[in-house]
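Please prepare a short briefing on the structure shown below.

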Amino acid sequence: MKESVLVMGINPSSQAWRKNCSLDRLQIWMTDLGYDHYCFSNVIPYEGEYKLKDVDLEFVKEQTIGHDKIIALGGFVSTVFRRCGIEHFKMPHPSPLNRRLNSKEYELKMLDECRRYLC
């Protein structure tokens, strides 16, 4: 049986779902990593602007209970996990606006590092 994986993002998008959105890329990544099923949550439960002080650290800690591996999408979420003392792997945020992901080599390197973390 595979380990239970939790992926956490920042907050829900105010945009309607559209092709090639962040969740599409995340699904491609997770399938590539061998996970057709995984848990997903956000550190901020509402749309719109947010600050680090808006994060309910107890909520974040509760979300991670029972999961063997935790993946943070982006630096903001990784910072939240560090503040909570939660071991995790930081992936880049899968947004189409993330220019670092224009480099296929960078994306493949991050997926390879995540694969090693999950093993």
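The briefing below goes through these topics in turn.

This is a predicted model, in which local features need pLDDT of at least 70, side-chain atom pairs count only at pLDDT 80 or more, and totals for chains, interfaces and linings use all residues. Residues are numbered from 1 along each chain as its sequence is written, and side-chain values use heavy atoms, with hydrogens and water left out.

**Nonpolar core**

- A nonpolar core is a set of buried Ala, Val, Leu, Ile, Met, Phe, Trp, Tyr and Cys residues joined through side-chain atoms within 4.5 Å. Here, buried means under 20% relative accessible area, exposed means over 50%, and partly exposed lies in between (1.4 Å probe, protein chains only).
- In soluble globular proteins, nonpolar side chains tend to be buried together.
- The largest nonpolar core has 33 residues, and those that touch the most other members are Met30, Val43, Val60, Ile71, Phe81, Met91 and Leu118.
- At least two residues of this core come from each of β1 (5–9), α1 (22–32), β3 (69–73), α3 (75–84), β4 (89–91) and α4 (104–118). Such helices (H or I, at least four residues) and strands (E, at least two) are DSSP runs, numbered from the N terminus.
- With 6 residues, α4 gives the most to this core.
- Met30 is in contact (heavy atoms within 4.5 Å) with Val5, Val7, Tyr35, Tyr38 and Ile71, leaving aside its neighbours within four places in sequence.

**Cysteines**

- The structure holds 0 disulfides, a disulfide being a pair of cysteine sulfur atoms within 2.5 Å.
- Cys21 counts as buried because its relative accessibility is 9%, whereas Cys39 counts as partly exposed at 34% relative accessibility.

**Pocket and cavity**

- Rolling a probe the size of a water molecule over the atoms shows where empty space is left.
- On a 1 Å grid over the protein atoms alone, a cavity is a set of points where a 1.4 Å probe fits but cannot get out, while a pocket is an open set with protein on both sides within 12 Å along at least five of seven lines; lining residues have an atom within 4 Å of a point. Grid points are joined across faces, edges and corners, and a volume is the space filled by probe spheres set on the points.
- The second largest pocket holds about 150 Å³ of space.
- Its lining has 11 residues, and Arg25, Ile28, Trp29, Lys104 and Glu107 lie nearest the centre.
- Both α1 and α4 supply at least two residues of this pocket lining, and α1 gives the most, with 5 residues.
- By class, the pocket lining divides into 5 nonpolar, 1 polar and 5 charged residues. In this scheme Ala, Val, Leu, Ile, Met, Phe, Trp, Tyr, Cys and Pro count as nonpolar, Asp, Glu, Lys and Arg as charged, and the others, Gly among them, as polar.
- The count of cavities of 30 Å³ or more comes to 1, and the largest cavity has a volume of about 30 Å³.
- The largest cavity is lined by Leu26, Trp29, Met30, Leu33, Ile71, Leu73, Met91 and Cys114; by class, this lining has 8 nonpolar, no polar and no charged residues.
- To the lining of the largest cavity, α1 and β3 each supply at least two residues, and α1 gives the most, with 3 residues.

**Single residues**

- Leu6 is found in strand β1 and is buried, with a relative accessible area of 1%.
- Not counting residues up to four places away in sequence, the residues that Leu6 touches include Cys39, Phe40, Gln63, His67 and Ile71.
- Leu6 and Ala72 are 66 residues apart along the chain, and their C-alpha atoms are separated by 8.6 Å.
- Tyr38 lies in the loop between α1 and β2 (39–42), and at 21% relative accessibility Tyr38 counts as partly exposed.
- Tyr38 touches Val5, Val7, Leu26, Gln27 and Met30, not counting residues up to four places away in sequence.
- Glu113 is found in helix α4 and counts as partly exposed, at 24% relative accessibility.
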